[in-house]
Amino acid sequence: MERKEFLKLLGLSAGAVVFSGCLGGCKKDKDDPKPVVAPTVDFVLDLTATANAALLTPGGFIYQEMVIVAHLMGGGYLAVQQACTHQATTLKYDPGTNTFFCDNHGAEFSTAGAVVTPSSEGTASQLKVYATTLTGTNLRVKG
């Protein structure tokens, strides 16, 4: 191979490497969050079981099968999807405000699942709310 051919090939290879590096730099700074899909569930919680003891007190909550189940301050039980609709961070129940909130980006949701405060990035959608039925000491969550 002659010197001229070698330099020509080297130039093309180096150019390809530089160009591909430029293309890789054209992506978004922040990836779009993947949509959060709420699970379909049907389970029964025995409120006398030690694992469910938090539900005996108003303000208490537990996680079960990707759902957060809360004993509301005003009485009754409520179940919503456990994952925040923004980026799937696990939600918590705040008995003081009677809302569900996300520690990650500050999203807050009502007991009806509606967005009270969107995430700090301005996004979030309504939570899936599950039906709860109390029969004796068994709480059924379905939806």
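Predicted model: local features only at pLDDT ≥ 70, side-chain atom pairs only at ≥ 80, totals over all residues.
Residues are numbered from 1 along each chain as its sequence is written, and side-chain values use heavy atoms, with hydrogens and water left out.

Strands are DSSP runs of E of at least two residues, numbered from the N terminus, and two strands are taken to pair if DSSP finds at least two bridges between them. On this basis, six strands form an open sheet in the order β1-β10-β9-β4-β3-β2, with antiparallel pairing. The edges are formed by β1 (42-46) and β2 (61-64), each of which pairs on one side only. From one strand to the next, the twist averages 25 degrees, where axes are lines fitted to C-alpha atoms and angles run from 0 to 180 degrees between N-to-C directions. Strand β2 is joined to β3 (residues 67-71) by four bridges, and the two run antiparallel. Within this pairing, V69 of β3 is the bridge partner of I62.

Burial is expressed as relative accessible area (buried under 20%, exposed over 50%, partly exposed in between; 1.4 Å probe, protein chains only). A nonpolar core is a set of buried Ala, Val, Leu, Ile, Met, Phe, Trp, Tyr and Cys residues joined through side-chain atoms within 4.5 Å. The largest such core has 14 residues, of which F43, L45, L55, V67, V69, Y130 and V141 touch the most other members. Two or more residues are given to this core by each of β1, β3, β4 (77-81) and β10. With contact defined as heavy atoms within 4.5 Å, and with residues up to four places away in sequence not counted, L55 touches L45, L47, G60, F61, I62, V69, A70, H71 and Y77. Another core, of 13 residues, lies apart from the largest one and includes I68, A70, C84 and L91.

Not counting residues up to four places away in sequence, the contacts of Q82 are Y63, M66, V67, I68, T89, T90 and L91.

Two salt bridges (a side-chain nitrogen of Lys or Arg within 4 Å of a carboxyl oxygen of Asp or Glu) are present in the structure. In one, the side chains of D42 and R140 meet at 2.7 Å, N to O. This pair links distant parts of the chain, as D42 lies in β1 and R140 in β10 (residues 138-142), 98 residues apart. D42 is partly exposed at 44%, as is R140 at 35%. In the other, the side chains of D103 and K92 meet at 2.6 Å, N to O. D103 is located in the loop between β6 (99-101) and β7 (108-109) and K92 in β5 (residues 92-94), so this bridge ties together parts that are 11 residues apart in sequence. K92 is partly exposed, with a relative accessible area of 33%.

Two aromatic pairs are also present. Rings of Phe, Tyr and Trp (its six-membered ring) are paired if their centres lie within 6.5 Å; planes under 30 degrees apart count as stacked, over 60 as edge-to-face and the rest as tilted. The ring centres of F61 and Y63 are 5.8 Å apart with planes at 80 degrees, and the pair is therefore edge-to-face. F61 is partly exposed at 26% relative accessibility, and Y63 is partly exposed at 35%. For Y93 and F100, the ring centres are 5.3 Å apart and the planes at 45 degrees, so this pair is tilted. Both Y93 and F100 are buried.
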